Amino acid sequence: MVAWRSARTWRARGWIRVMAVALPLLLLPVAVWPSLLGAAFQVDPPPSRIAFLCATYLGFAVVAWVAFRLRITVSRGVVRVTNAGRTTVFEADDVLAVQPTARGVRFVIEGRDPVVAYAVPCPPPNPGQRPRWLDVAEAVAGEDPARVVIIRGRAPARGVRSASADAHTTAYRFTGAGLEAEVAVCRRALGLLRPRLHEVVVTLGPADDWPPELSAEVAARVGPRRRRRARQHGRPDRLPADLTLDLGSRGGHGDHGDHGDHGDLGDLGDHPSDATFALLLRLTPWVVALEARSLTGVLAAAVFDRCRDARFLLTALEHEDLLATVVESGLGPQSLVLDGPRGA
């Protein structure tokens, strides 16, 4: 049973509410007495100007009302989203994902249409700054760590520049000394990058030592035509050298279930892109090379030689997380070093 924290409320930023009230008040003297700006003084202003002034300040009043009305409230497992036109109430247990978008936090809800809360828009954060939508996601997930992983892990790549904002990333190089630890680190890095990955090109190694179920899954994705082409080019395992995996631009909606040795890796649900990402994680111990790109074409990850060498484009928070994984895997901090800045 999920344990819920105390009630929390998120509203539009304080400076937005202040500006919605202060700006009309500051402009009021000039609007009423244009002579303050050097215009000719009029004892009886024309009716058209009075009507325009009234309409303008009516618009200001509506904007101020909306700024103070917008909010998200999470209390005892119930989420209340108040937008300008309506208030929507739903159970937090029904929330499958909390996604950052430019318009606001988007709640994906089981059995109903998604709800966007305009009170918390999600622009790119400053380096090292914690985005507000993460706080909302954790409040909706409650104190169940598994739900936190599920809900926070499902941020779509399209239009999302939040905790994984490409504009504030730096390239890091990883080198390891033991296959098991290297694979664990690379899987963790891919899990951190998952929200903004779109397409992955994998160069496969020999499939002689693959688990049978992995070979069967790859063969099913490749299809008979490409297997015949690979056989004609001398591939004894009848699999092509390169495999392109489309991770899509959104997270899945299923239950992540048990992640096994993968750890906290975000999307592992039942959407096709989630199954593809899970396959990518299982393939990492056997890849000769892997290139993962975002929707904009940015090279976010490059893994070589069965995870012995890799480069990742990480934010400051992602770097801290991955560095902790490196140390936990028994590798020294020097295994993850700065590889130079790369703009997105």
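1. Arg17 and Phe68. In this predicted model, Arg17 places its charged end over the ring of Phe68, at 5.9 Å from the ring centre.

2. Arg194 and Phe277. A second contact of this kind involves Arg194, whose charged end lies over the ring of Phe277, 5.2 Å from the centre of that ring.

3. Aromatic pairs. Three aromatic pairs are present in the structure. One of them joins Tyr57 and Phe60: the ring centres are 5.2 Å apart and the planes stand at 75°, so the pair is edge-to-face, the cut-off for that class being over 60 degrees.

4. Setting of Tyr57 and Phe60. Both residues belong to helix α2, which spans residues 47-69. They are three residues apart, about one turn of the helix. Phe60 has a relative accessibility of 22% and therefore counts as partly exposed, since buried requires a value under 20%.

5. Trp210 and Trp286. Another pair is formed by Trp210 and Trp286, with ring centres 6.3 Å apart. Their planes meet at 55°, so this pair is classed as tilted. It links distant parts of the chain, as the two residues are 76 residues apart. Trp210 sits in the loop between β9 (199-204) and α6 (212-222), while Trp286 sits in the loop between α8 (272-283) and β11 (287-293).

6. Burial of the two tryptophans. Is Trp210 buried or exposed? With a relative accessible area of 6%, Trp210 is buried. Trp286, at 15% relative accessibility, also counts as buried, because the limit for that class is under 20%.

How values were computed
Residues are numbered from 1 along each chain as its sequence is written. This is a predicted model: local features need pLDDT of at least 70, side-chain atom pairs count only at pLDDT 80 or more; totals for chains, interfaces and linings use all residues. Side-chain values use heavy atoms; hydrogens and water are left out. Rings of Phe, Tyr and Trp (its six-membered ring) pair if their centres lie within 6.5 Å; planes under 30 degrees apart count as stacked, over 60 as edge-to-face and the rest as tilted. Helices (H or I, at least four residues) and strands (E, at least two) are DSSP runs, numbered from the N terminus. Buried means under 20% relative accessible area, exposed over 50%, partly exposed in between (1.4 Å probe, protein chains only). A charge sits over a ring if NZ of Lys or CZ of Arg is within 6 Å of the ring centre and within 35 degrees of the ring normal.
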